[in-house]
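Let's take a walk through this one together. Have the sequence and the 3D view open side by side, and follow along.

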Amino acid sequence: MYEVYGVIGYPVGHSLSPLMHNLAFRELMLKAVYGAFEVKPKDLEVAIKGVKALNIKGLSVTVPHKEEVIKFLDEVEDKALEIGAVNTILNEEGKLKGFNTDWIGFLKALEEEGIEVKNKKVVILGAGGASKAVVYAVKMAQACEIEIFNRTYEKALELAQKFGIKAKPWEDLKEAFGDLIIQTTSVGLNSWESPVEEEVLTRFKVAFDLVYTPLKTKFLSLAEKVGCVAIDGLKMLLYQGVEQLKIWTKKELPLNLINLIKETLYKEVSQR
Ligand code: ATR
């Protein structure tokens with residue numbers, strides 16, 4: 001019998017997770033399939049009940065359900081609770097357990113580029129769902145200073161208080177400086193816009209954009225132009241997925257498989 005996995009989100013049509021996970025299942029010769037389930041926010045609770053009823057073995061959880069889903073799970077790991085978001089569910093004999101692999105995916109993407117966060121000053125743009133895992137990750141990696149800029153200042157303040165970091169008004173972004181700048185807003189998603197001017201990027205060494213459509217955003221193009229190391233969001237997507245596969249299969253993934261998934265993802269996004 002084939003095991004069933006999937007992603008829940010709204011919308012979910014453009015998700016790259018089915019491509020990634022079905023490739024992995026096939027290469028690992030597992031009898032498992034992975035689908036995409038579009039779940040409206042109002043249907044989240046019944047959808048999660050359905051996971052148990054249908055014995056779906058695992059789920060990826062994406063926007064806008066990562067926070068809301070927590071209350072419908074049987075168990076949630078401490079790290080995901082601290083972040084306040086679950087992106088992975090494991091169905092273990094009818095018990096649904098929640099995890100967060102976004103923060104690990106983010107750190108692995110940096111590690112792959114040889115970037116150290118320890119004792120670095122990090123500036124984070126955005127205070128939405130994606131930002132939380134990034135704040136948690138850079139805290140875990142022992143950044144010496146973390147500043148968060150958000151268009152709606154109150155949301156930056158809320159995150160800053162939760163994690164013990166500094167909130168800054170969006171208008172002050174012009175004066176931002178540090179070692180790493182991380183773009184977690186939706187600015188530049190399918191559009192040619194950057195939340196910061198080129199001049200700001202000259203004050204950083206590394207620029208990371210969580211957006212990966214387009215792969216090279218305006219933010220990353222400007223960053224490259226002024227000599228920053230530029231990291232795109234597809235690497236984070238890859239490594240959060242690799243961590244999900246580890247949770248579901250309870251196995252490490254061979255490096256050649258990780259590389260195959262990476263190649264496949266880049267090819268897919270560049271053709272879109
Ligand atoms: P996600 O889960 O992808 O982070 P989200 O929770 O909706 O999505 O958050 C989107 C982020 O992009 C927020 O930080 C949002 O700022 P606000 O809190 O002020 O809404 C930010 N954002 C969206 N459009 C923006 C824009 N035009 N300029 C600046 N920030 C923007």
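**Starting from a polar contact**

The side chain of D102 makes a polar contact with the side chain of N87, at 3.1 Å (a polar contact is a pair of N or O atoms within 3.5 Å; within protein, one must be able to donate a hydrogen and the other to accept it, and residues adjacent in sequence count only if both atoms are side-chain atoms). Before going on, keep in mind that this is a predicted model, where local features need pLDDT of at least 70 and side-chain atom pairs count only at pLDDT 80 or more, while totals for chains, interfaces and linings use all residues. Residues are numbered from 1 along each chain as its sequence is written, and side-chain values use heavy atoms, with hydrogens and water left out.

D102 belongs to helix α4, residues 102-112 (helices, H or I with at least four residues, and strands, E with at least two, are DSSP runs numbered from the N terminus). Is D102 buried or exposed? D102 is buried, with a relative accessible area of 8% (buried means under 20% relative accessible area, exposed over 50%, partly exposed in between, with a 1.4 Å probe and protein chains only). Not counting residues up to four places away in sequence, D102 touches K66, N87, A133, M236 and Q240, where contact means heavy atoms within 4.5 Å.

Just after α5, Q142 takes a positive phi of about 65°.

Zoom in on β11. Four bridges join it in parallel to β10, pairing residues 180-183 with residues 206-209, and Q183 has D209 as its bridge partner. On the other pairing, β11 and β12 run parallel over three bridges, with V206 opposite V229. In a regular strand the side chains alternate between the two faces of the sheet. Along β11, V206 and F208 point one way and A207 and D209 the other, and all are buried. V206 has a relative accessible area of 7%. Leaving aside neighbours within four places in sequence, V206 is in contact with I115, D179, L180, I181, C228, V229 and I231.

There is also an open sheet of six strands with mixed pairing, in the order β2-β1-β3-β5-β6-β4. Its edges are β2 (32-38) and β4 (75-76), each with a single partner strand, so one side of each is left without a neighbour in the sheet. Strands β1 (residues 3-9) and β3 (residues 58-61) pair in the parallel sense over four bridges, and G6 has L59 as its bridge partner. Helix α9 (residues 233-249) packs on this sheet, touching β1, β2, β3, β5 (88-92) and β6 (95-99), with a direction at about 10° to that of β5.

Finally, the ligand. Of the 13 residues around it, which come nearest? They are G129, N150, R151, T152 and K155 (a residue is near a molecule or strand if one of its heavy atoms lies within 4 Å of it). An oxygen atom of the ligand is 2.5 Å from an N or O atom in the side chain of T152, and for the side chain of K155 the corresponding distance is 2.8 Å. A ligand oxygen is also 3.0 Å from a polar backbone atom of A130. Taken alone the ligand exposes 650 Å², and the protein buries 68% of that (accessible areas come from the Shrake-Rupley method with a 1.4 Å probe; for residues, only the protein chains shown count as cover).

Key:
Pairing = 2+ DSSP bridges. Axes fitted to C-alpha atoms, helices over the stretch in contact; angles between N-to-C directions.
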